Amino acid sequence: MFPVTQSPSNADAHAPATPQAAGFPRRLGALLYDCLLLVAVLILATAVALIALQGRLDYTSGWFRLYLLAAMFAFEGGFWTHGGQTLGMRAWKIRLESTDGSPVRWWQALIRFVVAVGSLGAGLLWALVDRDKQALYDYLARTRLVRISGG
């Protein structure tokens with residue numbers, strides 16, 4: 001009989017929340033955690049190369065370095081494009097997504113990886129001065145790191 005109206009507080013409770021950007025300490029923690037995991041990935045990739053080349057591996061070869069970069073990208077990019085979280089990001093409760101909130105695509109992951117590696121990590125410092133707390137590689141790849149809730 002009487003129309004049901006929602007109070008402003010009830011209406012706001014169902015509105016989607018704007019994601020909160022991941023701060024610098026959280027980003028750095030996830031990065032350090034992932035670096036430990038990348039060491040294991042590089043050891044495994046080197047072992048595979050040694051087996052495939054029957055121990056005749058030139059560690060200074062440009063091809064070998066490119067192979068290791070590809071292994072690193074496959075590891076990081078796979079996590080970024082499938083769920084948006086590396087193991088370090090899960091531990092620090094952050095997720096990578098496109099700036100519109102959609103999942104990250106492979107081309108975005110590639111841009112993010114190339115700029116991060118190419119800047120020797122200095123692109124992370126951009127997050128200290130950026131108003132949205134995003135690193136240079138996130139800005140260029142149109143991605144963002146956001147905090148997530150839950151346990």
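Two strands count as paired if DSSP finds at least two bridges between them, where strands (E, at least two residues) and helices (H or I, at least four) are DSSP runs numbered from the N terminus. The model is predicted, so local features need pLDDT of at least 70 and side-chain atom pairs count only at pLDDT 80 or more, while totals for chains, interfaces and linings use all residues. Residues are numbered from 1 along each chain as its sequence is written, and side-chain values use heavy atoms, with hydrogens and water left out.

**Exercise 1.** Describe the pairing and the burial of strand β1 (residues 94-98).

*Solution.* Begin with the partner: 5 bridges join β1 to strand β2 (residues 143-147), and the two run antiparallel. Within this pairing, E97 stands opposite R144 of β2. Then turn to burial (under 20% relative accessible area, 1.4 Å probe, protein chains only): because 4 of the 5 residues of β1 are buried, this strand is largely enclosed by the rest of the structure.

**Exercise 2.** Locate D138 and list its contacts, leaving out residues up to four places away in sequence.

*Solution.* D138 lies in helix α7 (residues 136-141), and with a relative accessible area of 0% D138 is buried. Its contacts (heavy atoms within 4.5 Å) are R27, L96, R112, T143 and R144.

**Exercise 3.** Which side chain of opposite charge is nearest to E76?

*Solution.* E76 belongs to helix α3 (residues 62-81). Counting Lys and Arg as positive and Asp and Glu as negative, without His and the chain ends, the nearest is R112, 5.9 Å away. E76 is buried yet has no salt bridge, a term that requires a side-chain nitrogen of Lys or Arg within 4 Å of a carboxyl oxygen of Asp or Glu.

Notes. Buried < 20%, exposed > 50% of the residue type's maximum accessible area, 1.4 Å probe, protein only.
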